[in-house]
Amino acid sequence: LHLGMFEIGKALGKGKFGRVYLAKERSTGFICALKVLHKSELQQGGVQKQVRREIEIQSNLRHPNVLRLYGHFHDSKRIFLILEFAGKGELYKHLRKEHRFPEWKSAQYIAQMAAALKYLHKKHVIHRDIKPENILVGIHGEIKISDFGWSVHAPNNRRQTMCGTLDYLPPEMLVRGSQENYYSDKVDLWSLGVLTYEFLVGEAPFEDTPVMTQRRITRADMTIPSFVSPEARDFIKRLLVLDPEKRMTIDEAQQHPWILKHCV
Ligand SMILES: CC(C)CCNC(=O)Cn1cc(-c2ccc3c(-c4nc5ccccc5[nH]4)n[nH]c3c2)cn1
């Protein structure tokens with residue numbers, strides 16, 4: 001597939017709305033990940049506005065742990081996204097292969113996630129979809145948050161119908177009907193707690209049938225296995241708190257003993 005200025009290589013993955021290819025920009029030899037979105041599919045999915053918003057949000061983000069969107073262009077049928085190439089691919093594949101990460105690796109990954117979230121929240125971006133499937137690994141083992149499909153500029157109080165797993169949803173996004181639909185960047189702190197648990201244990205804390213998962217989330221009903229260290233246990237328990245206002249802040253998370261023990 002010769003797309004003018006790009007030489008297209010192997011398929012890297014299949015997102016929900018498009019395929020991603022390894023690509024080399026001819027004149028400079030620059031390697032990137034080229035994502036192809038079909039306008040017809042976006043129309044069918046009714047997501048054109050969301051894609052435009054995602055492009056606008058991600059184009060303005062510059063952080064070592066946030067996947068870069070260098071630019072985009074389109075022809076009559078497709079939209080092309082020039083994305084950063086992450087040399088070691090999708091984090092969830094590493095997690096599945098290794099079953100779970102040792103505490104030092106989990107703490108380093110979570111410290112990088114916290115730095116990325118601190119950056120996003122400062123720019124009033126709430127990611128809202130933090131999970132292993134949306135994290136890529138760079139050539140030096142650093143992690144990069146991608147897929148801002150559900151990110152919004154805070155504050156936001158519109159209900160969003162979610163597809164995919166419920167595992168990472170915070171309680172305030174599950175409580176029906178009441179004004180709890182107003183949520184803040186605290187939703188990403190809950191998901192950071194779920195992510196920490198999944199890195200250390202190898203499965204999500206509330207994993208169950210959809211009905212039971214919702215019930216367990218709204219009761220923060222989880223058990224932490226005994227092989228998890230007391231510091232890691234404390235870190236998780238201070239994030240998986242039902243009341244968003246009582247959850248650890250990003251700064252407290254970055255200063256937590258479990259992080260400091262492994263990241264200095
Ligand atoms: C609307 C627009 C702004 C959306 C922008 N975000 C995305 O498209 C989210 N997204 C990123 C990707 C993606 C998937 C895979 C890669 C890779 C990658 N590197 C690999 C190395 C080895 C094996 C597989 C790899 N995939 N690098 N960059 C990627 C980027 C797919 N969807």
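Guide: Trp 190 and Phe 206 are both buried, where buried means under 20% relative accessible area, exposed over 50% and partly exposed in between (1.4 Å probe, protein chains only). This is a predicted model, in which local features need pLDDT of at least 70 and side-chain atom pairs count only at pLDDT 80 or more, while totals for chains, interfaces and linings use all residues. Residues are numbered from 1 along each chain as its sequence is written, and side-chain values use heavy atoms, with hydrogens and water left out.

A pair of aromatic rings is described by the distance of the centres and the angle of the planes. Rings of Phe, Tyr and Trp (its six-membered ring) pair if their centres lie within 6.5 Å; planes under 30 degrees apart count as stacked, over 60 as edge-to-face and the rest as tilted. Searching the whole structure gives 8 aromatic pairs.

In one of them, the ring centres of Phe 30 and Tyr 70 are 5.2 Å apart and the planes stand at 85 degrees, so this pair is edge-to-face. Phe 30 is partly exposed, at 36% relative accessible area, and Tyr 70 is partly exposed, at 38%. For Trp 190 and Phe 206, the centres are 5.7 Å apart and the planes are at 15 degrees, so that pair is stacked.

Phe 6, Phe 73 and Phe 80 make up one aromatic cluster. Elsewhere, the charged end of Arg 100 sits over the ring of Phe 227, 4.0 Å from its centre; this term requires NZ of Lys or CZ of Arg within 6 Å of the ring centre and within 35 degrees of the ring normal.
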